[in-house]
Amino acid sequence: MTPVVHPEKLDETGVAALLANLPEWERRGDTLFRSFRFGSFRRAFGFMTQLAMVAEQLGHHPEWYNVYDRVDITMTTHD
């Protein structure tokens with residue numbers, strides 16, 4: 001079994017630096033948000049499946065919403 005990695009919570013400087021390198025993401029209050037578009041439901045669901053494996057390893061699970069070819073992801077922490 002792969003050990004769970006718990007990344008450090010980012011401070012304001014860390015969030016700003018992260019967003020400077022990820023222009024597709026936006027800050028919404030205390031969350032980070034991005035909408036992804038895929039060519040089909042199958043591709044969108046495949047993306048979610050792959051991301052679920054990474055999220056499980058990190059012990060940090062996104063809030064997401066899927067309709068057909070779109071996946072909206074909101075990242076936050078409860079720490």
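Q: Is F45 buried, partly exposed or exposed, and what is the relative accessibility?
A: F45 is partly exposed, at 44% relative accessibility. Buried means under 20% relative accessible area, exposed over 50%, and partly exposed lies in between (1.4 Å probe, protein chains only).

Q: What ground rules apply here?
A: The model is predicted: local features need pLDDT of at least 70, side-chain atom pairs count only at pLDDT 80 or more, and totals for chains, interfaces and linings use all residues. Residues are numbered from 1 along each chain as its sequence is written, and side-chain values use heavy atoms, with hydrogens and water left out.

Q: How many aromatic pairs are there?
A: Five. Rings of Phe, Tyr and Trp (its six-membered ring) pair if their centres lie within 6.5 Å; planes under 30 degrees apart are stacked, over 60 edge-to-face, the rest tilted.

Q: What about W25 and F36, which class is that pair?
A: Edge-to-face, because the planes stand at 75 degrees, with the centres 6.2 Å apart. W25 sits in the loop between α1 (12-21) and β1 (26-28), F36 in β2 (31-37), so the pair ties together parts 11 residues apart in sequence. Helices (H or I, at least four residues) and strands (E, at least two) are DSSP runs, numbered from the N terminus.

Q: Are those two buried or exposed?
A: W25 is buried at 18%. F36 is buried too, at 14%.

Q: And F41 with F45, what geometry?
A: Tilted: 5.8 Å between centres, 35 degrees between planes. Both lie in helix α2 (41-58), four residues apart, which means about one helical turn separates them. F41 is partly exposed at 41%.

Q: Which residues make up the ring cluster?
A: Ring pairs link W25, F36, F38 and F47.

Q: Which ring does R28 lie over?
A: F33, at 3.6 Å from the ring centre. The test is NZ of Lys or CZ of Arg within 6 Å of the centre and within 35 degrees of the ring normal.

Q: Switching to the sheet. What is the strand order?
A: β1-β2-β4-β3, an open, antiparallel sheet of four strands. Two strands pair if DSSP finds at least two bridges between them. The edge strands are β1 and β3 (63-67).

Q: How many bridges join β1 and β2?
A: Three. R28 stands opposite T31 in β2.
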